[in-house]
Amino acid sequence: MKYADEFRDKEIALGLSKAIRAEADPQRSYRFMEFCGGHTHAISRYGLEDMLPKNVRMIHGPGCPVCVLPAGRIDMAIRLAMRPDIILCVYGDLMRVPGSQGASLLKAKARGADIRMVYSTIDAVRIADENPAREVVFFAIGFETSTPPTAVMIRLAEKKQLENFSVFCNHVLTPPAMQNILESPDIRSIGRVEIDGFVGPAHVSTIIGTAPYEFFAEEFGKPVVISGFEPLDMMQAILMLVRQVNEHRHEVENQYSRAVTRDGNLRAKEEVSDIFELRDQFEWRGLGQVPYSGLKLKRSYARYDAEIRFGMNELRVDDNPACECGAILRGVKKPVDCKLFGTVCTPETPMGSCMVSSEGACAAHWTYGRFRDHQQRRAS
Amino acid sequence: MKSYQRKLDIRNGCVDLSHGSGGRAMAQLISGLFHEAFGNEWLARGNDQSAFDVPAGRMVMTTDGYVVSPLFFPGGNIGSLAVHGTVNDIAMAGARPLYLSASFIIEEGFRFSDLKTIADAMGEAARAAGVHIITGDTKVVERGKADGLFISTAGVGVVPDGLDLSAEKARVGDRVLISGTLGDHGVAIMSKRQNLAFETEIVSDSASLHDLVAKMVAAGGKGIRLMRDPTRGGLAATLNEVAQQSGLGFGLQEEAIPVKPGVAAACELLGLDPLYVANEGKLVAIVSPEVADTVLAAMRAHPLGHDAADIGEAVADDHHFVQMATSFGGGRIVDWLSGEQLPRIC
């Protein structure tokens with residue numbers, strides 16, 4: 001497949017693998033966090049761990065919007081969807097995300113809620129257009145990449161003068177979460193693992209550009225390399241991080257220069273800032289409350305805000321106390337260190353955030369990588 | 001039973017509740033549309049059942065339901081699919097398919113012309129496979145209760161003497177053969193789904209595999225341990241199933257697995273993995289290493305096995321993992337599918 005196979009070439013991968021082995025200092029270890037679920041998925045699907053030396057370890061970050069959505073928000077959506085006048089439009093990934101007490105949108109749909117899976121925000125607007133007697137709510141979720149399409153949809157609804165359309169907004173932001181991972185006091189109770197650098201987001205950075213990470217690299221003294229989602233992108237980004245660490249640099253470097261610029265997509269950023277504003281704080285599954293990390297609709301667009309329109313009450317649900325997602329997201333623990341992993345918590349019946357989507361650290365390890373645990377056990 | 005007041009208006013008419021009521025309208029639908037399409041001596045007798053002679057040997061029986069959406073897709077429709085699917089379930093035992101039944105649950109308002117296209121496709125697929133649809137049933141339900149049309153089938157066939165294909169026969173070192181490219185059917189269907197329509201030249205691989213199977217059995221005999229058709233859940237589901245049933249594991253080579261570029265591209269776009277996408281005209285065979293090359297050559301000589309490939313082997317594994325060496329150079333598991341295979345959102 002053109003434009004994809006070039007970035008999955010085995011020979012080049014072996015060359016990069018050799019270079020990483022040659023340049024990584026055997027006297028020290030390297031711990032890099034890939035923020036995005038897309039990166040986590042690529043690492044697992046292509047078996048990248050097999051191509052890295054033992055002292056270069058990848059820590060899987062919280063960059064999977066489905067995974068970090070708190071159970072309370074799912075409960076809120078279910079409660080709304082059970083109203084007979086509502087059609088709730090969602091992306092397919094959300095259907096199985098667990099709310100409290102084993103509830104999910106999939107189960108609510110089976111019980112009669114009118115929940116429709118859509119592939120694009122445009123579909124939600126079309127459904128609203130076709131069902132003028134019903135209230136159509138779009139369950140908006142995602143990082144900076146998925147926010148502009150929601151903004152475009154609201155513009156479209158405005159243009160079409162749709163009276164029956166609104167958005168349940170769960171959009172979140174990347175930089176505040178990265179910052180939270182490094183500086184939150186929560187870390188001290190969990191313990192911490194020193195992170196030596198970040199593989200920065202791919203698609204998110206096409207929107208926000210590389211500039212927002214500059215403060216971060218400077219302030220925390222951590223190198224950031226923006227990387228594409230293809231396996232060769234990642235291998236190259238890891239090599240670039242190893243070099244920065246070896247040379248005691250902490251800069252923002254852009255491996256994904258074929259798509260990402262310093263300033264990002266100005267038009268998209270403008271659309272988003274026209275319609276959305278920051279929430280004071282937003283809850284992330286596994287991280288807790290993170291200040292200024294979520295978006296809501298501006299007051300001038302309040303009529304499209306489902307939370308206001310339907311008087312939705314904020315619901316809070318505590319995660320299973322045995323769930324180690326918080327520690328796993330911060331790199332303190334690995335999926336296998338969690339008692340629930342692979343026992344009661346599997347992709348079929350996820351308990352914690354990391355098992356929810358195939359981009360979550362636990363789900364990726366379970367689905368693609370768990371044979372390594374048995375290999376290690378056998379070896380030792 | 002010949003003199004109806006008016007002929008069935010196939011071009012403009014549609015099914016209504018009277019066509020399922022057991023009265024004259026139903027008789028007219030059955031004789032005017034289904035008998036016409038399936039045309040055989042058993043149906044012509046008009047009995048509630050059909051009697052047939054049983055050949056010597058062991059028989060196999062299977063049943064299947066068809067609820068595909070959309071009903072018409074590139075490379076076939078629900079009718080041809082129903083015949084192919086049933087024939088293939090029989091053929092995977094190494095058996096020669098003989099007779100099918102077909103029962104139709106039709107929504108009122110369904111157009112006769114569409115029903116005729118579907119029934120004709122069934123008749124054609126049955127004739128091509130050398131099987132007869134010898135008994136059937138028609139029910140009509142209210143609008144909105146059947147998404148157009150559901151078909152359910154049963155089929156019987158006869159297994160050649162001495163052949164007993166089954167998962168527990170698999171042994172460590174056996175080869176895994178696949179008869180062609182993966183994911184064609186699933187991608188063809190998805191390309192026509194509402195909300196998701198995209199342009200592709202991919203057509204469904206829906207086809208009857210019994211003849212390919214016969215050639216393989218002739219070439220490999222008892223060296224063939226088992227065969228499966230990787231339909232829902234794709235190759236991944238099939239091999240995990242066999243791993244569980246046989247108590248073995250599998251080791252695959254991603255580079256050896258044939259996937260059409262158009263299918264790979266569509267999967268890339270939708271966030272799907274071709275290993276999990278449905279096929280309707282492909283089979284997986286686990287064969288002893290001694291006959292693997294002979295069987296593979298026989299497959300490649302057949303029009304439905306042109307792209308056949310040896311993609312891996314059975315290995316000893318207490319965990320019954322299906323593992324794969326990725327073409328990138330790493331290793332991974334090919335696990336069961338969890339839930340529906342839905343596109344990732346970012």
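The buried residues of α8(B) pack against α5 (184-190) of chain B, where two residues are in contact if their C-beta atoms, placed from the backbone, lie within 7 Å, and where helices (H or I, at least four residues) and strands (E, at least two) are DSSP runs, numbered from the N terminus. This is a predicted model, in which local features need pLDDT of at least 70 and side-chain atom pairs count only at pLDDT 80 or more, while totals for chains, interfaces and linings use all residues. Residues are numbered from 1 along each chain as its sequence is written, and chains are lettered from A and ligands numbered from 1 in the order in which they are written.

The residues of α8(B) that are buried (20 or more other C-beta atoms within 10 Å of their own, against 12 or fewer for exposed and values in between for partly exposed) are B:Val263, B:Ala266, B:Cys267 and B:Leu270. Seen down the axis of α8(B), these residues fall within an arc of 100°, so they line one face of the helix, the arc being that of the directions from the helix axis to the C-beta atoms. An α-helix has 3.6 residues a turn, so residues three or four places apart point the same way. Just after α8(B), B:Gly271 takes a positive phi of about 70°.

The contact between the chains takes 25 residues from chain B and 40 residues from chain A. On the side of chain B that touches chain A, the elements giving two or more residues are α8 (261-270) and β13 (331-333) of chain B, and α8(B) gives the most, with four residues. That side of chain B divides into 11 nonpolar, 10 polar and four charged residues, with Ala, Val, Leu, Ile, Met, Phe, Trp, Tyr, Cys and Pro counted as nonpolar, Asp, Glu, Lys and Arg as charged, and the others, Gly among them, as polar.

| Helix pair | Angle | Axis distance |
|---|---|---|
| α6 (210-220) and α9 (289-300) of chain B | about 150° | 9 Å apart |
| α1 (24-38) and α4 (112-129) of chain B | roughly 25° | within 7 Å |
| α2(A) and α16 (361-369) of chain A | about 15° | 9 Å apart |

Angles under 35 degrees count as roughly parallel, over 145 as roughly antiparallel, 65 to 115 as roughly perpendicular and the rest as oblique. The angle for the α6(B) pair makes α6(B) roughly antiparallel to α9(B), whereas α1(B) and α4(B) are roughly parallel to each other, as are α2(A) and α16(A). α6(B) passes α9(B) in a right-handed crossing, a crossing being left-handed if the near helix is turned anticlockwise from the far one by less than a right angle, and right-handed if clockwise.

The contact of α6(B) with α9(B) has seven nonpolar, two polar and one charged residues, among them B:Leu212 and B:Met216 in α6(B) and B:Val291 and B:Val295 in α9(B). In the α1(B) and α4(B) pair, B:Leu33, B:Phe34, B:Ala37 and B:Phe38 in α1(B) meet residues of α4(B) including B:Phe112 and B:Leu115.

In chain A, helix α2 (residues 37-45) is mostly covered, with eight of its nine residues buried. The contact of α2(A) with α16(A) has three nonpolar, five polar and one charged residues.

Definitions and conventions
Axes fitted to C-alpha atoms, helices over the stretch in contact; angles between N-to-C directions.
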